[in-house]
Amino acid sequence: MALIKCPDCGKEVSSSAPNCPHCGRPMATFSGKAVQTRRKGGIYEAIGFLLIVAGIFTYFFVVNLAWILIGVGFIVFLVGRFM
């Protein structure tokens, strides 16, 4: 029997309690563990970020190429972000 925090009132409640004794919230649907979900666009975000960084470093040598890299990197990053 562990103590978990009630998501409504924030007070400690037994994990085996059917509801919070302080506020009355039903605890059957709350397990106390965070659920992680993985998004699909993570690799696109990484590639876009690397292209932006490469564009910033290239800016000191070839300005036109740098703006292209930064622009493409930004677009790829946004695609990955909203996937």
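Mentor: Let us begin with exposure: a residue is buried under 20% relative accessible area, exposed over 50%, and partly exposed in between (1.4 Å probe, protein chains only). This is a predicted model, in which local features need pLDDT of at least 70 and side-chain atom pairs count only at pLDDT 80 or more, while totals for chains, interfaces and linings use all residues. Residues are numbered from 1 along each chain as its sequence is written, and side-chain values use heavy atoms, with hydrogens and water left out.

Trainee: Why is C9 called partly exposed?

Mentor: The relative accessibility of C9 is 30%. Buried requires under 20% and exposed over 50%, so C9 counts as partly exposed.

Trainee: What makes C6 buried?

Mentor: C6 has a relative accessible area of 3%, and the limit for buried is under 20%; therefore C6 is buried.

Trainee: How do you know how many disulfides the structure holds?

Mentor: A disulfide is a pair of cysteine sulfur atoms within 2.5 Å. The structure holds zero disulfides. For C6, the nearest cysteine sulfur is that of C23, 3.6 Å away, and C6 is in no disulfide. The closest cysteine sulfur to that of C9 belongs to C20, at 3.7 Å, which is too far for a bond.

Trainee: Which residues make up the largest nonpolar core, and what makes them a core?

Mentor: The six residues are I4, C6, V13, A17, C20 and M27. A nonpolar core is a set of buried Ala, Val, Leu, Ile, Met, Phe, Trp, Tyr and Cys residues joined through side-chain atoms within 4.5 Å. In soluble globular proteins, nonpolar side chains tend to be buried together.

Trainee: With which residues is C20 in contact, leaving aside its neighbours within four places in sequence?

Mentor: C20 is in contact (heavy atoms within 4.5 Å) with C6, C9, V13, R25 and M27.

Trainee: What makes R25 and D8 a salt bridge?

Mentor: A salt bridge is a side-chain nitrogen of Lys or Arg within 4 Å of a carboxyl oxygen of Asp or Glu. The closest N and O atoms of R25 and D8 are 3.3 Å apart, so the pair meets the rule. R25 lies in the loop between β2 (12-14) and α1, and D8 in the loop between β1 and β2, 17 residues apart. D8 is exposed because its relative accessible area is 55%, and the limit is over 50%.

Trainee: How many salt bridges does the rule give?

Mentor: The count comes to two. E45 also forms a salt bridge, with R81, where the closest N and O atoms are 3.7 Å apart. E45 lies in helix α1 and R81 in helix α2, so the pair ties together parts 36 residues apart in sequence. E45 is buried at 12% relative accessible area, whereas R81 is partly exposed at 43%.

Trainee: How many helices and strands does the protein have?

Mentor: The protein has two helices and two strands, which run β-β-α-α from the N terminus. Helices (H or I, at least four residues) and strands (E, at least two) are DSSP runs, numbered from the N terminus.
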